[in-house]
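Welcome! Let's take a walk through this structure together, one piece at a time.

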Amino acid sequence: MKRINSKYIDTGTTWLSDHCLLVNERGLIERICTSAEADALHRQIEFEEELNFPQALILPGCVNTHSHAFQVLLRPTTGQPRHFQDWVDRFLYPLVLAQDEDTLYASALLVFSQMLKQGITTVGEFFYLNNLPDGSSSRQRNVQAVLQAARDLGLRISLVRALYDQGEKEGQKRFKEPWQQAIEQTRQLALQYQKHARVSVLPAPHSLHGASPDLIQAAAALAEELDTPWHIHLAEQQSDLQLAQERYGTTPVGALDQLGVLDERTVLVHAIWLNEADKDRVAAKHASIAYNPLTNMALGDGIADIAGWVRRRVTVGLGTDANIQTDLFAEARTVEYLQRTQNLAMGCIPAARSLYRMLHLNGGKVLGLPVGELQPGMAADFLAVNLEHPSLLPAAYAEEVETAVLNQLIFSAWPAEAIQAVFVGGETVVEAGRLTLVREENVAEEIRRILG
Ligand SMILES: [Zn+2]
């Protein structure tokens, strides 16, 4: 058992002072107790390790619900596309065609290491490069390269395995499979990692344009079989409304409902262009949202009605999607600032705790994992933030310290250096800003190797 002492602990729902975390050998939270209780326990059992964070707040690790790791390689071109389709055709698809196992590993190592350093302990990696350049199956080798990067770093990964069976463009050869093959490979991958402590798999028909009705229905059935959520890109661009109208004669949400698949396992990625009746329908079916505000801004997608989702008590998790940045606190900040800009108001979503829970607790639900909250039996995934770091002052000295700290964490930008340590499954994966399981220099070396 490990004992971790910190000035403050926030469990995700409750602020505690003078408490400590006890972490067991399985990497789970055993107990959260007062220092006096831990001292008493210490007389009976030997703690294998004791760590002290006297100036810190410990909070649950951030859960990134939507990422495409390889798109980090597009960072240098962010200023160039003229519109979404131009980005897809002139930047995304050429990049897609150039990927192999080596580049997938290197880009994942780069972006996942940055996520960890910024306090993300779980990534939902929406992975769709299932084929070789000639369109034949990579036989899971591409996906294993990405999983390997996460495993090397100690990052928890939920592999959101994309299923894609429609499209005639050259780039789409890298994703397109017969739908039965897509389902079977996803099932095999899920079974392979069924007992793995840090890897899980869930199905994701790519979108209404990439997945046929048969595939969407089979993916929803597979999610039920595996007892996981399932994800789908939905209503990201206004043009998605026209596509749903042409293919299904209804709205994007209407299409899912028509297929009989919209339920509490469904996670809608983006969900920007929805009418009020469809928002009510999503809420009534208890589906959830994976929202990526910074990417949506960068790609000119639009602004989702997050205030409306919160009002309807729909679970909203956050994602870094194209990975132009890998900071979930920045995503949370952007959620509220976009609502303010659109609604010409302030306080659209309360920072403490509605926005705050989007960082971790809601993400755990969106990925169907026991993460995102510090409770006995949950994964010991957390970070220690130094509240004495100048970028986080003066919140630690406010009278209402809980509200002040949660507000400042979300609304004022602060650097990764303020994070003293990051833990996944009770293991230290970042310490004083440096990776502990991978040599720091390896990350840049891998990029040099594939591009240099
Ligand atoms: Zn996406």
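A residue is called buried when its relative accessible area is under 20%. Keep that cut-off in mind as you look at this model, which is predicted.

Start with helix α12, where the buried residues are Leu328, Phe329, Ala330, Glu331, Ala332, Arg333, Thr334, Val335, Glu336, Leu338 and Gln339. With 16 residues at 1.5 Å each, α12 should span 22 Å, and its end C-alpha atoms lie 23 Å apart, which agrees. After the helix comes Leu344, with a positive phi near 50 degrees.

Now turn to helix α15, residues 401-411. Eight of its eleven residues are buried, so the rest of the structure largely encloses it. Those buried residues are Val401, Ala404, Val405, Leu406, Gln408, Leu409, Ile410 and Phe411. What covers them? Among the elements that do so are the helices α12 and α13 (351-359), along with the strands β1 (2-10), β2 (15-23), β4 (49-60) and β13 (382-386).

Those strands lead us to the sheet. Eight strands form an open sheet with mixed pairing, in the order β3-β2-β1-β4-β13-β14-β15-β16. At the edges stand β3 (29-34) and β16 (434-435), each with a single partner strand, so one side of each has no neighbour in the sheet. Further in, β1 and β4 run parallel and are joined by seven bridges.

Note on methods: Residues are numbered from 1 along each chain as its sequence is written. This is a predicted model: local features need pLDDT of at least 70, side-chain atom pairs count only at pLDDT 80 or more; totals for chains, interfaces and linings use all residues. Side-chain values use heavy atoms; hydrogens and water are left out. Buried means under 20% relative accessible area, exposed over 50%, partly exposed in between (1.4 Å probe, protein chains only). Helices (H or I, at least four residues) and strands (E, at least two) are DSSP runs, numbered from the N terminus. Contact means heavy atoms within 4.5 Å. The expected span of a helix is 1.5 Å times one less than its number of residues. Two strands pair if DSSP finds at least two bridges between them.
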